[in-house]
Amino acid sequence: MGRRILNDALRTIVNAERRGFASAQLQPVSQVIASFLKIMKDRGYIKDFQVHDPHRVGRITVELQGRINDCRALMYRQDIKAQDIEKYRLHKLPTRQWGYVVVTTPNGVLDHEEAMRQNVGGQVLGYFY
């Protein structure tokens, strides 16, 4: 169930983006979703997000920017070494110029650029572009 929550949240964002909505409501809440959204916000793919009542079921309100073409979560967490991140990125993302692969590492949830900079591997959570 935990992996499916992230996938459902990302598909909700993509569907709202394609329909031209200004915001999307994600439910239920998890720390992994919040970390994934923080990376998306830092990279300029969403405007902002707010977590409402995280101790219960809660919900997340995401303000969309109109920049997301697709984002997906992997249903299986694929292990990846630090030196293989670039190959994986080239395989999954459509171009070299935009898009990010999100990796969970011992240093936290990072995008592929930060993981390569810190030279750490981990498990791939998903990607967005």
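Here is a walk through the fold, from overall dimensions to sheet, helices and cores. Keep in mind that this is a predicted model, so local features need pLDDT of at least 70 and side-chain atom pairs count only at pLDDT 80 or more, while totals for chains, interfaces and linings use all residues. Residues are numbered from 1 along each chain as its sequence is written, and side-chain values use heavy atoms, with hydrogens and water left out.

Let's start with the overall picture. The protein chain has 4 helices and 7 strands, which are DSSP runs numbered from the N terminus (helices H or I, at least four residues; strands E, at least two). Along the sequence they follow the pattern α-β-α-β-β-β-α-β-β-α-β. For 129 residues, a compact globule would have a radius of gyration near 14 Å, and the protein chain agrees with its 14 Å; that radius is taken over C-alpha atoms, and the globule rule is 2.2 Å times the number of residues to the power 0.38. The C-alpha atoms fill a box of roughly 40 × 30 × 25 Å along the principal axes.

Now the sheet. 4 strands make up an open, antiparallel sheet in the order β4-β7-β5-β6, where two strands pair if DSSP finds at least two bridges between them. β4 (71–80) and β6 (108–111) are at the edges with a single partner strand each, so one side of each has no neighbour in the sheet. From one strand to the next, the twist averages 25°. β5 (residues 100–105) and β7 (residues 122–128) run antiparallel and are joined by 5 bridges; Val 103 has Val 124 in β7 as its bridge partner.

Helix α2 (residues 31–42) packs on this sheet, touching β5, β6 and β7, and its direction makes about 55° with that of β7. Helix α3 (residues 85–92) lies across β4, β5 and β7, at about 150° to β4. Axes here are lines fitted to C-alpha atoms, for helices over the stretch in contact, with angles from 0 to 180 degrees between N-to-C directions.

What about the inside? A nonpolar core is a set of buried Ala, Val, Leu, Ile, Met, Phe, Trp, Tyr and Cys residues joined through side-chain atoms within 4.5 Å, with buried meaning under 20% relative accessible area (1.4 Å probe, protein chains only). The largest core has 29 residues, of which Leu 37, Met 40 and Phe 128 touch the most other members. Its largest share, 7 residues, comes from α1. Beyond neighbours within four places in sequence, Met 40 is in contact (heavy atoms within 4.5 Å) with Leu 10, Tyr 45, Ile 46, Ile 68 and Phe 128.

Key. Buried means under 20% relative accessible area, exposed over 50%, partly exposed in between (1.4 Å probe, protein chains only).
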